[in-house]
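Please read each point alongside the coordinates.

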Amino acid sequence: MAAWSPAATASLLRGIRGLPLLHCARRMFASQTEGELKVTQILKEKFPRATAIKVTDISGGCGAMYEIQIESEEFKEKRTVQQHQMVNQALKEEIKGMHGLRIFTSVPKH
């Protein structure tokens with residue numbers, strides 16, 4: 001079995017489209033992407049009682065995968081799977097163009 005060379009290791013440490021992972025990390029601190037803004041707006045409309053909505057493009061900025069954190073009274077007395085189904089239903093058209101979606105839901109603590 002061949003040993004790992006620095007060149008082989010470097011190629012494994014590259015992000016989407018061959019960009020270094022550092023580029024992806026810097027992207028996290030930039031302003032929201034168009035996709036993030038669109039998903040956030042849809043969630044605000046579908047969950048008007050939400051106290052917190054955070055949408056992050058975790059695909060490096062290409063819009064293929066998002067992480068959603070949403071806190072809303074609408075989730076009260078619903079199981080986690082039901083909460084996630086509500087988010088999936090709200091974004092059903094946008095999900096068609098995505099590769100993946102991470103959803104974190106919660107009910108506000110009073």
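1. Three strands form an open sheet in the order β1-β2-β3, with mixed pairing; strands (E, at least two residues) and helices (H or I, at least four) are DSSP runs numbered from the N terminus, and two strands pair if DSSP finds at least two bridges between them. Because β1 (50-57) and β3 (100-106) are the edge strands, each with a single partner, one side of each has no neighbour in the sheet. From one strand to the next, the twist averages 10 degrees.

2. The model is predicted: local features need pLDDT of at least 70, side-chain atom pairs count only at pLDDT 80 or more, and totals for chains, interfaces and linings use all residues. Residues are numbered from 1 along each chain as its sequence is written, and side-chain values use heavy atoms, without hydrogens and water.

3. Strand β2 (residues 65-72) pairs with β3 in the parallel sense over seven bridges. Within this pairing, Q69 stands opposite F104 of β3.

4. Two helices lie across the sheet strands, contact meaning heavy atoms within 4.5 Å. Helix α3 lies across β1 and β2, at about 155 degrees to β1, and α4 (residues 80-90) across β2 and β3, at about 125 degrees to β3. Axes are lines fitted to C-alpha atoms, for helices over the stretch in contact, and angles run from 0 to 180 degrees between N-to-C directions.

5. In α3, E36, V39, T40, I42 and L43 are buried (under 20% relative accessible area; exposed is over 50%, partly exposed in between; 1.4 Å probe, protein chains only). Their arc around the axis, taken from the directions to the C-beta atoms, is only 165 degrees, which puts them on the same side of α3. On the other side, E34 and E45 are exposed.
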